[in-house]
Structure formats: C-alpha cells, structure tokens
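Here is a friendly walk through one protein model, a few residues at a time. Please keep the picture open beside the text as you read.

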Amino acid sequence: MTPWLTVVGIGEDGFKGLGKNARRALLAASRIIGGQRQLDLLPVCIRGERELWPSPFSLAPVLEQRSAAVCVLASGDPMFYGVGASLARHVPSAEMLILPAPSSCSLAAARLGWPLQEVVTLSLVARPLAALNAQLFSGVRLLLLSNDRHSPAAVAALLRERGFGGSRLTVLEHLGGDAERRLESTANDWNDPAIADLNVIAIECLADAQAPRLSRLAGLPDSAFQHDGQLTKRDVRAITLARLAPIPGELLWDVGGGCGSIGIEWMRAHPSCRAIAIEADAGRQALIEHNRDALGVPGLQLVRGRAPQALAGLERPDAIFIGGGVTREGVFETCWEQLKPGGRLVANAVTLQSEVTLMHWRERHGGELTRIHVAQAQPLGEFDTWRQALPITLLDLVKPLDA
C-alpha cells in the first residue's frame with residue numbers, strides 16, 4: 001500500500017534543513033496541514049494548499065479527507081510528544097510515512113553533552129506541572145518541553161518549594177535556528193528573564209539538605225501524606241502494594257481512597273500506571289487532590305461517591321484495593337464482577353466484622369489470608385517497650401482467567 005499521508009518533522013532551520021525525501025513529499029503534496037509557525041517556514045515553491053489546524057485542536061482535517069499526497073507538518077520528531085503519535089492511533093502504519101527531524105530534546109542533549117539515554121524527559125505542554133514532583137531526585141538530569149515562555153519561572157518556583165533550589169537550570173530556546181540562545185542559573189537565582197515560547201528546560205537536580213527523600217519503592221513515610229488518620233500506614237502499605245503488584249500500563253481501583261496513599265504509590269511505580277480513587281468524604285477528597293499533586297501523580301482520577309454505586313461506568317481495572325467499605329452490601333460483589341480476568345484484588349480489614357467478610361470471600365473464591373502485626377519501640381518511663389498497632393488482616397485474590 002502506498003502511504004497517502006506523510007508526516008514531516010521540521011526544525012527551526014526550516015525547509016533548508018529538511019532531507020531529500022521530506023522536500024520531495026512537500027513539493028508533491030496537494031494539501032499541507034500544520035501550525036502557523038510551521039507553515040510560515042515553507043518557501044513559495046511549495047504549491048500545495050496550506051491549511052491550519054483547527055482550534056480547538058482536532059485530527060479531523062486529516063482523518064475525514066483521506067486522499068493522496070497529504071502532508072502534515074510537525075515540530076522536530078513527530079513521534080516525540082508530537083502529532084505523529086496521535087495520528088498513529090488512527091492511521092495504520094502502512095498508510096503513513098513519518099520523516100522526523102531531530103527533536104528539541106535531542107538537540108538540547110547534544111548542546112549540553114548529555115547522553116540522552118541517561119536523561120528523563122517530560123512534556124509540560126498542556127500537562128500539569130505537578131507531574132515534575134515525581135521526578136525530583138538528586139543527581140537526576142531532566143529535559144522538559146516547555147508549555148510557553150512562563151514555564152521556566154514556574155519550574156524554578158516549584159524546585160525552590162520542593163527543596164531543590166540549588167538545582168542548575170539551563171533554558172535553550174529556538175534550538176537549531178539562527179536565534180538559538182541559552183540561559184543558565186540555579187532555581188534559587190532564576191530572575192525570570194524574557195524567554196521565547198519555544199524553549200526546553202534542562203535541569204541538573206540537586207536536593208537541599210532539608211529536602212525529603214522519597215523513594216519510588218512502595219512504603220513512603222506517613223509524613224509524606226496529608227491525612228486525617230484515614231491512612232494505610234507505611235509498613236502495611238508496602239505489603240499491600242507488593243500484593244497488588246503494579247505493572248506498567250495497568251489500572252487500579254482504590255475503593256475507599258482515604259487520603260489516596262495506595263493509588264498514589266501505585267502510580268509512582270511506573271509513569272504508565274493509572275489509578276482511580278473512589279472516595280465519598282469531601283474532606284478526604286481534598287486530601288487526595290493535594291497529595292496526588294505533591295507526590296507527582298496529578299493524573300490520578302478522583303471519583304466522588306460511595307461504592308458500589310460510584311463504581312458504575314468506570315473502566316474495568318487490572319487490580320482493586322478495598323481499603324474501606326468491606327462490609328458494605330454490594331462492594332465486594334461489584335468489584336469482583338468488574339475486575340478483569342487474571343486481575344488482583346486485595347482487601348484489608350481491621351474490625352472483626354470486616355475480617356469475617358474476608359474469610360467468607362476466601363471460602364468462595366480462594367486466595368490467601370495474611371495477618372499483619374506491626375510494633376514500634378516507644379518510651380515507657382526510663383525504658384522502651386513495644387507498642388502494637390492494630391493487627392491487619394489482608395486478603396489477596398487473583399481472578400481466574402476463565403471467570
């Protein structure tokens with residue numbers, strides 16, 4: 001099959017920087033679709049009809065009029081946070097030819113001498129800045145695609161707030177063009193100079209002495225979360241998440257989300273992990289919203305309501321944690337029915353009544369019951385003794401593949 005669609009990556013150096021195949025595709029195109037800045041880079045010898053993307057953005061101009069010799073212009077590499085990735089979800093690869101230019105992150109790494117495979121890349125284009133919080137570790141190098149000219153100042157402020165004010169910032173604008181420029185400072189000293197909208201932020205992370213150390217492994221300190229006491233404590237949380245076993249791309253239901261700790265740590269396990277927290281209490285809903293941003297997973301979805309009614313219509317999950325409402329009628333039944341075959345269900349119980357519920361479910365569906373006892377050394381007069389937390393009973397079930 002001859003591709004009817006060609007996606008051409010174009011850099012700041014414009015038409016002159018394109019390879020032979022990209023130039024030929026543009027010269028032969030009957031329709032060329034792109035942003036105003038990209039279309040303005042084309043010389044007058046390009047005769048194809050030029051069309052701007054609609055606002056709000058939509059792929060409809062491409063997908064609704066499939067015909068020969070259509071070109072789409074994209075900045076840099078179309079498959080790196082670009083329109084090529086969006087088109088690839090709708091157009092078979094045999095019908096589309098991608099001709100990339102170097103991405104802005106590739107150019108930035110080249111200018112800085114950073115091995116690209118050792119750098120964490122993140123896009124801030126129409127995405128929450130809070131996602132940066134999950135990437136802040138001393139010694140890590142980050143490349144951020146800015147949303148606009150205000151992004152460097154916002155990033156510097158976030159770094160200062162999170163205890164990374166000593167981090168080194170390099171802002172590179174108009175990469176690959178005649179107006180290319182770089183500005184360097186620490187986050188503490190960033191004075192918000194005039195910046196072009198097209199810029200990349202490079203960060204060499206350096207934590208201040210007082211910055212918290214927050215591992216990616218399950219079991220963050222309880223102090224990392226704002227909570228009202230409705231919190232799966234650190235040691236139990238680590239065991240619970242080990243049983244839930246996050247796998248890239250999977251979806252978790254956190255039923256009775258509390259302050260959101262289980263869903264948040266699930267999503268911190270891998271950037272593609274997703275979670276939905278179901279919580280009925282308005283105060284705890286606010287805690288979930290705060291904690292998900294502070295810990296770098298603003299994509300955690302909050303469903304305001306009480307299970308099982310609030311579960312209706314949600315995407316079927318790969319794993320479910322029931323941290324509240326174990327004894328409520330219909331919660332277990334609905335969760336088990338909606339769980340994907342092969343999925344994991346973990347439920348924790350503190351009261352005798354909820355423990356009995358777990359035992360009944362184990363009798364019906366199998367699984368593993370575990371009793372968790374955690375004690376901490378605390379002062380007793382002039383000495384220390386063990387203070388036992390309430391024991392937790394944990395049920396771990398795997399839904400059969402033929403269920």
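## T240 in helix 7

T240 has its place in helix 7; helices here are DSSP runs of H or I with at least four residues, strands are runs of E with at least two, and both are numbered from the N terminus. T240 counts as buried, at 0% relative accessibility. The words work like this: buried means under 20% relative accessible area, exposed means over 50%, and partly exposed is in between, with a 1.4 Å probe and protein chains only.

Which residues does T240 touch, not counting residues up to four places away in sequence? They are I262, F321, V346, N348 and L394. A contact means heavy atoms within 4.5 Å.

## About the model

This is a predicted model, in which local features need pLDDT of at least 70 and side-chain atom pairs count only at pLDDT 80 or more, while totals for chains, interfaces and linings use all residues. Residues are numbered from 1 along each chain as its sequence is written, and side-chain values use heavy atoms, with hydrogens and water left out.

## The whole chain

The protein chain has 11 helices and 19 strands. Its C-alpha atoms fill a box of roughly 85 × 55 × 35 Å, taken along the principal axes. Of the 403 residues of the protein chain, 46% count as buried. Among contacts between residues at least 6 apart in sequence, 64% join residues at least 24 apart.

## Aromatic rings

The structure holds 4 aromatic pairs. Rings of Phe, Tyr and Trp (its six-membered ring) pair if their centres lie within 6.5 Å; planes under 30 degrees apart are stacked, over 60 edge-to-face, and the rest tilted. One of these pairs is F80 with Y81, an edge-to-face pair at 5.0 Å centre to centre and 75° between the planes. F80 is partly exposed, with a relative accessible area of 24%, and Y81 is partly exposed too, with 40%. Now look at F332 and W361: their ring centres are 4.7 Å apart and their planes lie at 20°, so this pair is stacked. F332 sits in helix 10 (residues 331–338) and W361 in helix 11 (residues 352–365), so the pair ties together parts that are 29 residues apart in sequence. F332 is buried, with a relative accessible area of 1%, and W361 is buried at 6% relative accessibility.

F332, W336 and W361 form one aromatic cluster. Charged residues join the picture here. R364 lies over the face of W361, 4.7 Å from the ring centre, and K399 lies over the face of W336, at 6.0 Å from the ring centre. A charge sits over a ring if NZ of Lys or CZ of Arg is within 6 Å of the ring centre and within 35 degrees of the ring normal.

T357 also lies in helix 11. Is T357 buried or exposed? At 18% relative accessibility, T357 counts as buried. Leaving aside neighbours within four places in sequence, T357 is in contact with V326, T327 and F332.

## A cavity and a pocket

Rolling a probe the size of a water molecule over the atoms shows where empty space is left. On a 1 Å grid over the protein atoms alone, a cavity is a set of points where a 1.4 Å probe fits but cannot get out, and a pocket is an open set with protein on both sides within 12 Å along at least five of seven lines; lining residues have an atom within 4 Å of a point. Grid points are joined across faces, edges and corners, and a volume is the space filled by probe spheres set on the points.

The structure holds 1 cavity of 30 Å³ or more. About 110 Å³ of space lies in the largest cavity, and its lining residues include N133, F137, R162 and R268. By class, that lining has 6 nonpolar, 1 polar and 2 charged residues. Ala, Val, Leu, Ile, Met, Phe, Trp, Tyr, Cys and Pro count as nonpolar, Asp, Glu, Lys and Arg as charged, and the others, Gly among them, as polar.

The second largest pocket holds about 800 Å³ of space. Of the 38 residues that line this pocket, L231, T232, K233, V350 and I392 lie nearest its centre. Among the elements that give two or more residues to the lining are helix 7 (234–244) and strand 15 (344–349).
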